Amino acid sequence: MDLNIGERRKRVLEDSVDVHFKDIRKAFGDVEVLKGINLEIRRGEFFSLLGPSGCGKTTLLRILAGFEFADSGEVLLRGQDVAPLPPNQRSVNTVFQNYALFPHMTVAENVAFGLKMRKVPATQLKDKVRSALEMVEIGAFADRRPAQLSGGQRQRVALARAIVNEPQVLLLDEPLSALDRKLRVNLQVELMRLQARLGLTFIFVTHDQEEALTMSDRMAVMNKGVIEQLGGVQEMYERPANAFVAKFLGSSNLLEATVTSSRTVKTELGVFEVSDQLPNVGQDVLLSIRPEKISLSRAQSSLANTVAVKVTDDIYQGATGAYRAKTNSGFELEINTMNSGVTDSNFSIDEELFAYLPADFLVVLQGQSKLEKIGGDES
Amino acid sequence: MKKPKLEAAGGELLTPMQLLSRAAVTAGPGIVWIALFLILPMLILLGYSFLTRDELGNAVFPLTVDNYVRFAGWDVLGYDAAYLIIVGRTILVSLVTTLFCVLIAYPLAFFIAAHEPKTRDRLMIFVILPSWVNLVIRTYAWMIMFNPSSPITQLAATLGMVGPNEGLYPSDFAVYLGMINVFLPFIVLPLYSAVERIDWSQLEAAQDLYATKTQAFIQVLVPQTLPGLTAGIILTAIPALGMFVVPDLLGGAKVALIGNSIAQQFGASRDYPFGAAISFLVMGLTLLVLWLYARRVGEKGMRDLL
C-alpha cells in the first residue's frame with residue numbers, strides 16, 4: 001500500500017498510546033534540562049519534538065531510548081514502565097544524528113547487526129536485510145562500507161538498520177540535519193511514505209520548523225525544558241498558543257493591544273477588530289499575525305483593520321516576496337506576498353501602501369501580554 | 001619558439017624541467033639520506049657476510065657461504081644447533097614481551113581515551129616520558145632497584161620471592177620487566193590513536209540494536225582497534241628481536257639472545273663476517289613475517305598500518 005502524501009494526513013490513527021512520558025524531570029548538574037514533561041504519543045503517528053538547541057528534546061529522546069535516566073517521572077512504552085530495562089531490551093530503535101554506522105562492517109552487516117544480536121535465524125535474516133535495504137533503495141550498495149557512501153546513502157543505511165528490527169517506536173534524532181536542502185526535502189517525502197507504509201510510530205527530533213510542519217501528524221514545541229504547545233501541525237501554525245511558538249514556528253508580527261470591547265482592541269496602529277476570543281475590556285493582550293496573512297495594496301480601502309504603511313525593505317524571493325513596512329507610528333510589519341501575477345505584488349522601497357490585517361487572523365496569545373525580547377530563537 | 005608542455009602542480013603550471021627541479025629540491029635530500037645511511041651500509045654489511053675471518057680477525061677473501069652454513073649449525077666440529085636455539089629463544093622472549101605489552105596497553109589506551117582531551121594529552125606524556133631517558137641509564141636504574149640491598153628486593157625477600165642476599169636481577173623477571181618498560185609506549189601510541197578515532201556513539205548504536213555492553217565492545221569497538229594493535233605489535237615484536245642491552249644487563253649475560261650474539265661477533269669475537277650473516281638472517285626472518293602478514297591483509301591493509 002503506497003499512500004499518497006496528501007492522503008497520509010487523513011488516515012485514522014488508533015487511539016492507543018505507544019509512549020507516555022509522565023512528569024519527566026532531568027537535570028545535568030545545576031542545569032534543569034527537562035522541567036516536568038507530560039506527553040502522550042499515539043500508535044502509528046508521526047510525532048515531532050521541535051525546539052531550539054538546548055531545549056531538552058534530544059534528552060527526552062535519549063531517556064526513551066535508555067541512554068539517559070530521568071531524575072523523576074515515568075516513561076511507559078505500550079503501558080510498560082521502561083525504567084528497569086537497559087537500552088538493548090527496549091523495543092525502540094534510534095536513527096542517530098551522525099548515523100553512528102559501524103565503519104568496519106559492510107552496509108548489509110550493519111543492517112543485520114540488530115537481527116544477529118537477537119539471534120534471528122540466518123535464512124530469515126538474509127531476507128529481512130534485503131527487503132529493508134530495498135525499502136530505502138540502497139540494495140545496490142549492500143557490500144560497500146559506510147566510508148564509501150554519500151551522506152544521503154548513509155542516512156538510508158541508518159534508517160534500514162533501525163527499521164529492519166520492526167521496533168514499536170522509531171526514534172529519529174535530527175537525522176536530516178547534515179544533508180543539503182534538496183536531498184533533505186526528498187528524504188522528508190520518503191520518510192513520510194515509509195512511516196505510513198510501515199505504520200510505525202515515529203518520534204522525530206528536529207530544530208527545523210519547516211521539517212516538523214511538513215512531516216508530522218502532531219508535534220510538541222519545546223523551549224527550555226518545557227512543552228510550549230502540543231497539537232496538530234495546522235492548529236499550531238494557525239493558532240500559536242504563545243509568543244514563543246508564534247515566533248519559532250514560522251514568523252509572526254506581534255502586537256501589544258488593550259481590549260476595548262468584545263470585538264475590538266486598541267493598538268499603536270489604531271483600533272482593530274479581532275475574531276478571536278478576547279478577555280475582559282481593559283485587559284492587555286498580545287496579538288500575533290502571520291506575515292502572509294497581511295495583504296498590501298496601493299488603493300485605499302474602506303475595510304476596517306487597514307493601516308497606512310511605507311515600504312522599508314523588499315526582498316525578492318522568487319515564488320514569494322518578503323516586505324517590511326513601517327506605519328506612521330514607526331511600527332514595522334513583516335509581510336509576505338505570493339508572486340502569482342494576479343494581485344499587485346511588486347512594490348518598491350518608500351512606496352506608500354495600505355496594509356490589511358484581517359480580523360480572522362489576529363490570534364490572541366496566551367502567557368504574556370507584553371512584548372519581551374525572545375533571544376536566539378529566530379533561526 | 002616552441003612552447004614547452006605545461007603540467008599542473010600545486011595550482012601552478014610548470015614546464016617538465018621546472019617540475020623535475022622542484023622534485024629534486026623536495027625529495028632529493030631524503031633520497032640521498034636513505035641511500036647514504038641506509039642502503040649503502042646494508043650493502044657493505046651484506047658484502048661482509050660472504051667474506052672469511054682470518055686469524056687476526058680481519059675480514060678477507062675468498063667469498064664463501066660458510067657463515068650462513070655455520071649459523072644453521074654445521075661447523076668444523078660437527079652439528080650444533082646452538083644458534084637456532086638462540087633464535088628460538090629470542091622469538092619466545094619477543095612474543096612474551098609483546099603479549100604482556102598488549103595486555104597492559106589495551107586497557108591503558110581505553111582508559112586514556114575515556115578522558116577529556118586535555119587530560120588525555122597529559123596522560124600520554126606519562127606514557128612517553130620514560131622513553132626520553134637513555135635506554136642504558138634506564139636499564140641501570142632497574143639494576144639498582146633490583147640489587148639485593150634495595151627496598152624492593154628486600155620486600156620481595158620477606159615475601160619469600162627471592163632468597164636472602166639475592167637480587168631480583170639477574171633474572172628472567174628483570175629482563176621481561178625491562179623489555180616491557182622499553183616497548184610499552186610503542187604499542188600504546190598506535191593503539192591509542194586507533195581508540196581515540198572511534199566514534200563512541202557507535203557503542204550506543206550497538207546497544208540500541210540489542211547488543212549487551214560486552215557484545216558492543218567485542219563486536220564494534222575491538223575490530224576497530226585491530227589496525228592500531230597490529231601496528232603496535234609489529235613495532236614491538238620486531239625491535240624486541242634485536243634487543244641486546246636489556247637482556248644483557250638485566251639477564252646478567254647468562255642467557256644469550258640473538259642481539260647479544262650479533263653484538264658479540266662485532267665486539268669480543270671480532271668476526272664481522274659471521275656477525276653480518278646473523279644480522280641478515282634475522283632481518284630476513286623479520287621481512288618474511290611481514291611479507292606473510294602483508295599477503296594476508298593485502299596492499300590496503302599494509303597502507304593503513306603504515
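How many helices and strands does the secondary structure of chain A come to? After that, please take helix α5 (residues 151-163) of chain A: how many of its residues are buried?

Modeller: A word of care first: this is a predicted model. The secondary structure of chain A comes to nine helices and 20 strands. Its C-alpha trace spans about 75 × 45 × 40 Å along the principal axes. Chain A has 379 residues, and 38% of them count as buried. Now look at contacts in chain A with a separation of 6 or more: residues 24 or more positions apart account for 66% of them.

Next comes your helix. α5(A) has 13 residues. From its first C-alpha to its last, α5(A) reaches 19 Å, close to the 18 Å expected at 1.5 Å a residue. Ten of the 13 residues are buried, so α5(A) is largely enclosed by the rest of the structure. To count as buried, a residue needs 20 or more other C-beta atoms within 10 Å of its own. The buried residues of α5(A) are Arg154(A), Gln155(A), Arg156(A), Val157(A), Ala158(A), Leu159(A), Ala160(A), Arg161(A), Ala162(A) and Ile163(A). What covers them? The cover includes two strands, β6 (92-95) and β7 (169-173) of chain A. It also includes the helices α3 (107-117), α4 (122-135) and α6 (181-198) of chain A.

Step back to the loop between α4 and α5 of chain A, where Ile138(A) is found. Ile138(A) has 23 other C-beta atoms within 10 Å, so it is buried. Leave aside its neighbours within four places in sequence. Ile138(A) is then in contact with Val107(A), Leu133(A), Gln153(A), Arg156(A), Val157(A) and Ala160(A). Three of these names, Arg156(A), Val157(A) and Ala160(A), also belong to the buried set of α5(A).

Distance in sequence and distance in space can be set side by side. Ile138(A) and Gln229(A) are 91 residues apart in sequence, and their C-alpha atoms are 38 Å apart. Glu210(A) and Gly250(A) are 40 residues apart in sequence, with 7.7 Å from C-alpha to C-alpha. Glu210(A) is found in helix α7 (residues 209-215) of chain A. It counts as partly exposed because it has 14 C-beta neighbours inside 10 Å.

One more loop in chain A deserves a stop. Lys119(A) lies between α3 and α4 of chain A. Lys119(A) has 8 other C-beta atoms within 10 Å, so it is exposed. Its backbone stands out too: most residues other than glycine have a negative phi. Lys119(A) is not a glycine, yet it has a positive phi of about 60°.

Now cross to the partner chain. There, 15 residues of chain B are in contact with 18 residues of chain A. On the chain B side, α8 (201-208) and α9 (213-242) each supply at least two residues. The largest share, six residues, comes from α8(B). By class, this side of chain B has six nonpolar, six polar and three charged residues.

α3(B) does bend, by about 25° at Ala105(B). A proline, Pro107(B), follows within four residues. Pro107(B) counts as exposed because it has 9 C-beta neighbours inside 10 Å. Other residues of α3(B) are buried, including Val87(B), Cys101(B), Ala105(B) and Ile112(B). The buried residues of α3(B) pack against α4 (117-128), α7, α9 and α11 (258-266) of chain B.

That brings us to α7(B), which also packs with another helix. Helix α5 (residues 135-146) of chain B and helix α7 (residues 172-197) of chain B pack at an angle of about 140°, with their axes 11 Å apart. The crossing is right-handed. From α5(B) come Leu135(B), Arg138(B), Thr139(B), Trp142(B) and Phe146(B). They meet Ala174(B), Leu177(B), Gly178(B), Asn181(B) and Val182(B) of α7(B). By class, this contact has six nonpolar, three polar and one charged residues.

Last, Arg270(B) lies in the loop between α11 and α12 (272-305) of chain B. Its phi is near 50°, a positive value in a residue other than glycine. Arg270(B) has 15 other C-beta atoms within 10 Å, so it is partly exposed.

Notes:
Residues are numbered from 1 along each chain as its sequence is written. Chains are lettered from A and ligands numbered from 1 in the order in which they are written. This is a predicted model: local features need pLDDT of at least 70, side-chain atom pairs count only at pLDDT 80 or more; totals for chains, interfaces and linings use all residues. Axes are lines fitted to C-alpha atoms, for helices over the stretch in contact, and angles run from 0 to 180 degrees between N-to-C directions. A crossing is left-handed if the near helix is turned anticlockwise from the far one by less than a right angle, and right-handed if clockwise. Two residues are in contact if their C-beta atoms, placed from the backbone, lie within 7 Å. Ala, Val, Leu, Ile, Met, Phe, Trp, Tyr, Cys and Pro count as nonpolar, Asp, Glu, Lys and Arg as charged, and the others, Gly among them, as polar. The bend at a residue is the angle between axes fitted to the seven residues ending there and the seven starting there. A residue is buried if 20 or more other C-beta atoms lie within 10 Å of its own, exposed if 12 or fewer, and partly exposed in between; C-beta atoms are placed from the backbone. The expected span of a helix is 1.5 Å times one less than its number of residues.
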